[in-house]
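Here is a short note for you to read beside the model. Please follow each point on the structure as you go.

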Amino acid sequence: MTVTPELFSATAVKYRNGELYVEGASLGNIADAVGTPVYVYSQEMLKNQYRKLDAALGSLPHQLHYAVKANSTLAVLKTFAELGAGFDIVSGGELSRVLAAGGNPDSVVFSGVGKSVEEIDFALKTGIECFNVESNSELIRISQRAEVLGKIAPIALRINPNVDPKTHPYISTGLKENKFGILQEAALGLYQQADADPNLHVRGVACHIGSQISAPEPLFDALDQLLSLIDQLADREIQLTDIDLGGGFGVTYQDEASFDIDAWGDRVVEHLGPRGLTVSIEPGRFLTANAGVLLTRVEYLKPSGGPAQANESHADEGKNFAIVDAAMNDLLRPSLYQAWHGVLAVQEHSSSDTRCWDLVGPICESGDWLAKNRMLSLAEGDLLAILSAGAYGSSLSSNYNTRNRAAEVMVSGDGFRVVRRRESLQDQLSTEIL
Ligand code: LLP
């Protein structure tokens, strides 16, 4: 079994008569129509994940702000906008995407440590819900720009609670050693400064401690700190109305249990129930990861005497390489984080020639791999689906090796449509001047 039952039930794919489907659409048909590599999303699963999170916060006044960075494709944003989502952005570019997708600027929060003057001005003119401020210097800059533009900037301070989210070090954000947020010690003083500033409207407090978090404890440690800060501010007659708990809810990539969102929601309701605060969250991965797959075709098989069994310790025996047409420029997570993504054959075949393969791309880097040590029965020309690719897949893709970015397809019921055409070489060269 190349994919655990836990993962299989967490994803949008199902086998029907030996062929892999997303909702009612055959992945083989999509690859024939659109070519490969191609990202394929289930719109139904995107919506269901959103509804699960929304339901978890029950009767608390709340707003979901989808973290655009997880997948910023317009059709994905539009899907969430139509469900009433707000958006968490980290650049002016992401704000433009939200607006282009029909998102409401009133429910946009702007996070990130490096907001430029142009980005702040754009957000002020657009009239976003809140700036999640990450430093004293940024607070001063936002105040100055608000004054110049004759606006009042709504702000929250993003607190760095120095809590270990127990996740991959590259995606932990709430430790003192991380660049994000304002330390508790500095927060009180900054709130007082902001409260006295006529260019600023102090709305709330925000926090985001990391990504792919599997256990809720660190999130509640952070929440307790935010509540204690809110109380200290109330003692000084600074009343916050909003609390932003960030994102980070983990999903199943292999056999990890996905984050228990209902149990988390119940505890949040218990903690916050009587306070009358508006709660906001900034989920990215939870909404999109398992709603997407990356379809790729096997170009060449290059068996080199690798083991018949999955066994990393026998690498010196040689390796069997399957060279596929997707690469690290399409899906960077394996190269960047040694991330594990499930791989399934689009057409099941019952060949007994199952071997241990490394799936690698055409890019000229040894780090260009998508999966290692997978027991698969492969032939050249086979189509494969790389699972859990809906978050931080297309949005992290690049043109490395002058490869065109992949096409993207949205499935809804039995139908599908191309929501991003495959990039052309002309698209790539059009920004350059000889
Ligand atoms: N809010 C803020 C301020 C963030 O920085 C992030 C993610 C999120 C929300 C959404 O977190 P999520 O719910 O998706 O875990 N490229 C990495 C993940 C980087 C996450 C960066 N920040 C990956 O592929 O695993």
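**Notes on the predicted model**

1. E237 sits in the loop between α9 and β12 (242-244). Helices (H or I, at least four residues) and strands (E, at least two) are DSSP runs, numbered from the N terminus. E237 is not a glycine, yet its phi is positive, at about 60 degrees.

2. This model is predicted, so local features need pLDDT of at least 70 and side-chain atom pairs pLDDT 80 or more, while totals for chains, interfaces and linings use all residues. Residues are numbered from 1 along each chain as its sequence is written, and side-chain values use heavy atoms, leaving out hydrogens and water.

3. P37 lies in the loop between α2 (27-34) and β4 (38-42). The peptide bond from T36 to P37 is cis. Its omega is near -10 degrees.

4. A polar side-chain atom of K69 is 3.3 Å from a ligand oxygen atom. For G248, a polar backbone atom lies 2.8 Å from an oxygen atom of the ligand. R285 places a backbone N or O atom 2.8 Å from a ligand oxygen atom. On its own, the ligand has 590 Å² of accessible area (Shrake-Rupley method, 1.4 Å probe). The protein covers 92% of that area.

Technical notes: A polar contact is a pair of N or O atoms within 3.5 Å; within protein, one must be able to donate a hydrogen and the other to accept it, and residues adjacent in sequence count only if both atoms are side-chain atoms.
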